[in-house]
Amino acid sequence: MPELPEVETVRIGLNQLLPGKKIDNVWSDWVKSFPNAKSDVAQFLIGAKIIQAQRRAKLLLISLSSNYSLVIHLKMTGQLVFRGKQNFGGGHPSNSLVGSLPDKSTRVILSFKDGGKLFFNDQRKFGWMRLLPSAEVPNIDFMKKLGPEPLGAGFSKAQFQQRVQRRPNSAIKAVLLDQTVIAGIGNIYADESLWGSKIHPATAVNKLSSQKLGVLFKAIQEVLNLSIELGGSSDRNYVDAEGKKGSYLKFAKVFRLQGQPCPRCGTPIIKIRVAGRGTHICPKDQRLI
DNA sequence: CACTTGACCTGTCCGC
DNA sequence: TGCGGACAGGTCAAGT
């Protein structure tokens, strides 16, 4: 997915739509999408009220009045779309990627007592949701391993440099994608922030000066903040909690823009492979050192 | 160890 | 039009 700005946009939308709603049913036809749906833990879901939606890294955390929480990872193609009572047809014709719901990629449906429904759609079935006691959520292995939030108040340039430098021989892009170093950056924002700081994605961390890493730190924050303002990036699948697309990709400088001129120098952008991922760079501004 | 590859899935696009 | 292969925004596990 959905990287940090997209998950944050979904969180904001869910927080406007869901708190106070009482869950009265759950449906799922793909076990891996929601393994708890039919287990005895479901008793902490049915009848519970939604408290609020929070985010950690690319994970959504929806707390319930039962002291359980839904932990959700959208992975590559997950969507969480809310529709109010009797409003399951297509909406937002000009900027929506979803039509009437459920559709063939719907994996889970939460129904609310007031008639609204939350649809978890996931074309590729990589995403998942789990129901866990709220107090245990911070202790789950993958939560404990996550690095700091790049937009967190306490996250400083010095801390960024220090964490990145724990992997001195790795390509900087691989390190940005490592969720245990910094949490929330994915392929789009890695490419965009490396272009913004004129760093070749395959550059080993130990070749980058502290000053250069400082420039990258600022670029990451700028790119993430801009994307959140614009409602995230929509390519094929991403939508917000109302099914609407985000517009960040219209402002992207390199991502998926191979062949187009670099906005800074006009050199055609190229697509290469770094850390096993498709990677977009300006070959003139981003030289390998 | 650290880094790379394959697996998890479905859909789309591109070349033949 | 059909078919095969590559590729897609993420993350693990397994392999080198």
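So, Trp27: look across from it and you find Ile109, which sits in β6. Keep in mind that this is a predicted model. The two strands involved are β1 and β6, residues 106-112, and they pair antiparallel over 5 bridges.

Zoom out a bit and you get the whole sheet. It's an open one with 4 strands, ordered β1-β6-β7-β5, and the pairing is antiparallel. At the edges you've got β1, residues 23-28, and β5, residues 78-83, each pairing on one side only. If you ignore direction, neighbouring strands here are turned by 15° against each other on average.

Okay, on to the helices. Which residues of α3 are buried? In that helix, residues 157-164, they're Phe160, Gln161, Arg163 and Val164. Among the things covering them are α4, at 172-177, and α6, at 210-229.

Now the DNA. Around DNA strand B you'll see Trp30, Lys32, Lys104, Gln123, Arg124, Lys125, Phe126, Arg167, Asn169 and Ser170.

Let me pick out some individual contacts with DNA strand B. Ser170 has a side-chain N or O atom 2.3 Å from a phosphate oxygen. For Gln123, a polar side-chain atom lies 3.3 Å from a sugar or linking oxygen. Then there's Arg124, where a side-chain N or O atom is 3.0 Å from a base oxygen.

Terms used:
Residues are numbered from 1 along each chain as its sequence is written. Chains are lettered from A and ligands numbered from 1 in the order in which they are written. This is a predicted model: local features need pLDDT of at least 70, side-chain atom pairs count only at pLDDT 80 or more; totals for chains, interfaces and linings use all residues. Side-chain values use heavy atoms; hydrogens and water are left out. Buried means under 20% relative accessible area, exposed over 50%, partly exposed in between (1.4 Å probe, protein chains only). Contact means heavy atoms within 4.5 Å. Two strands pair if DSSP finds at least two bridges between them. Axes are lines fitted to C-alpha atoms, for helices over the stretch in contact, and angles run from 0 to 180 degrees between N-to-C directions. A residue is near a molecule or strand if one of its heavy atoms lies within 4 Å of it. A polar contact is a pair of N or O atoms within 3.5 Å; within protein, one must be able to donate a hydrogen and the other to accept it, and residues adjacent in sequence count only if both atoms are side-chain atoms.
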